[in-house]
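This report describes helix packing, the chain interface and the nonpolar cores of one structure. The sequence and model follow.

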Amino acid sequence: MKDNQLLEMIESYLSGEMPAGERAQFDALRKKDATIDTKIAEHKHFTGLLKQYNERLSLQNRLDEIHEEIDVHTLKDDLMAHPSWVVQMWRHHHSKISVAASIAIFAILLTLYFTGDLSNRDPRFLQLKQDVERLKKEQPALGNKLNDIIKSNKTGPTISAKFRGTGFALTGNGYIVTNYHVVNGADSVYVQNAEGESFRTKVIYTEPQYDVAILEINDPAFKNLGTVPYSFKKAKSDLGENVYTLGFPGDDLKFGPGALTAGTGFHGDTTEYEMYIPVNPGNSGGPVMDEKGNVIGVITGKQTQTSGVAFAVKSNYLLKAIQSIPADSLSKSLNLSTKNTLASLSRTQQIKKLRNYVFMVKVYNQ
Amino acid sequence: MNNQLNVEMPTDSEVIIGILNNSDSVLKKLYLAYFPMVLQLVINNNGDEDEAKDIYQEAIIVLYNKVKRGDFELSSKLKTYIYSICRRLWLKRLKQLNRYGGDIKDFQEYLPVEDEVEKHEERDMQLNKMSDALKLLGEPCKTIMEDFYMHNRSMQEICERFGYTNADNAKTQKYKCLQRLKKLFFQQ
């Protein structure tokens, strides 16, 4: 029997189309010949697989058709667990994120440290205390100076001052006002007038809050200055007002003209004025005068980022500080002048009168 | 939320009876009812919507065959069964793709279905082999095989379709084709 004939018989046998007579014959053959039996089973299995494959294909097509009807995009948006995004991100990358954050924090701290932002002192603000160059060590120079001083028979210190500022007289009997930051930490404080004469002083009161210090000249060589020609303004001054200052940024008295630019000082400090005025280290503690010769403030500092901008503590805070001086700190009376004899004078004449009342403040410490 | 999430949920016994009766409408209801659940599982575990579709359809086929064979017992909710199959399939797929991150984010409870997925995959492999063999077979054999064994067309119809003048020629041709198909299938 040929294979293809056998196949035909198997197919008709399996499909049940075989006539009953042939079927009995085939059954008998099947019993007799095991190979035929295996062939039947194999064929059944293989065609069964083809049928299953067909079923799978048609089911898949049905499912695809159904799937077409779903708006997967909208559904996807709805089902996406959005908050878990962050969580997943963290889960998968937490070690990297931690390292990055540590580096960032470290870098910020380092930057702050080197820019000085970590210290309380604001780098944009410079107090006008002058750091005088260290005493030069050359023996001959020092010796010459010493000799000069001895020869000239002047009173005063024999070593150079470490810090310098400016101060001005509150009264004729030797009360001087300067900045707290000028005399802070001083061992001894001297003032020197425009003629170059130095007088020993004592710090009798400080008000760090307003950056104000009151000195009293207690040097026997000091003679009364006479009534001060200016008065102290109690009211606030107006923006745009012409002002000027006198001070000792160097060895000579220097005049600085300017104008009042703001009613508040550095970082909105209400105790200060902001001014457009040229000042240098050494101007600290100098008086700020208005055109009529009233003291409206005391120079305290300048902004380093904007050239020409300086700050001055307002005169009414100066007056407050004076009022707070304990009575037993005063060995003489401290009566402020209420009469202003400068008002009618021109500026040059005002300055001529003022120069006797403005002092260089020299500070010594070890 | 999308209205597709609010599709009518068929009862579990409705689905079983529907599958046994080849009901298109029940199949559709079933499909629409649980697709969002599987989409959610896949897209929230490093997959996309096309992968979700593949996984889901495979799971439906597993269920379908199981019901057809008559050995499906409703020991759990249908929903849990489908979710478990999909979860298992997706885990395997993730591992194959090397995208498995160590844990899977679950949205449902699930059953252990490893054995069933295993069996399904064996069957699937056989059918894929068949698919490949048919592709390699070439015409006219492929169509003759499909017509006769898959679509149950009679030899008469096939004769007419291919213009064979006598039935014996067609039978011989069919026999040759089948032998070739078997050869291709078992060679793989």
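## Helix packing, interface and cores

Within chain B, Glu14(B), Val15(B), Gly18(B) and Ile19(B) of H1(B) meet Val26(B), Leu27(B) and Leu30(B) of H2(B); here two residues are in contact if their C-beta atoms, placed from the backbone, lie within 7 Å. Five nonpolar residues, one polar and one charged make up this contact of H1(B) with H2(B). Ala, Val, Leu, Ile, Met, Phe, Trp, Tyr, Cys and Pro count as nonpolar, Asp, Glu, Lys and Arg as charged, and the others, Gly among them, as polar.

The model is predicted: local features need pLDDT of at least 70 and side-chain atom pairs count only at pLDDT 80 or more, while totals for chains, interfaces and linings use all residues. Residues are numbered from 1 along each chain as its sequence is written, and chains are lettered from A and ligands numbered from 1 in the order in which they are written.

Helices are DSSP runs (H or I, at least four residues), numbered from the N terminus. Axes are lines fitted to C-alpha atoms, for helices over the stretch in contact, and angles run from 0 to 180 degrees between N-to-C directions.

| Helix pair | Angle | Axis distance |
|---|---|---|
| H1(B) and H2(B) | about 135° | 8 Å |
| H4(A) and H2(B) | about 60° | 10 Å |

H1(B) passes H2(B) in a left-handed crossing, whereas H4(A) passes H2(B) in a right-handed one. A crossing is left-handed if the near helix is turned anticlockwise from the far one by less than a right angle, and right-handed if clockwise.

Between the chains, Leu75(A), Lys76(A) and Leu79(A) of H4(A) meet Pro36(B), Leu39(B), Gln40(B) and Ile43(B) of H2(B). Overall, 30 residues of chain A are in contact with 31 residues of chain B. On the chain A side, H3(A) gives the largest share, 15 residues. That side has 14 nonpolar, nine polar and seven charged residues.

The largest nonpolar core has 55 residues, of which Ile176(A), Val191(A), Val212(A) and Ala312(A) touch the most other members. A second, separate core of 34 residues includes Leu79(A), Ile85(B), Val113(B) and Val117(B). Such a core is a set of buried Ala, Val, Leu, Ile, Met, Phe, Trp, Tyr and Cys residues joined through C-beta atoms within 7 Å, where buried means that 20 or more other C-beta atoms lie within 10 Å of the residue's own.

Conventions:
A residue is buried if 20 or more other C-beta atoms lie within 10 Å of its own, exposed if 12 or fewer, and partly exposed in between; C-beta atoms are placed from the backbone. Helices (H or I, at least four residues) and strands (E, at least two) are DSSP runs, numbered from the N terminus.
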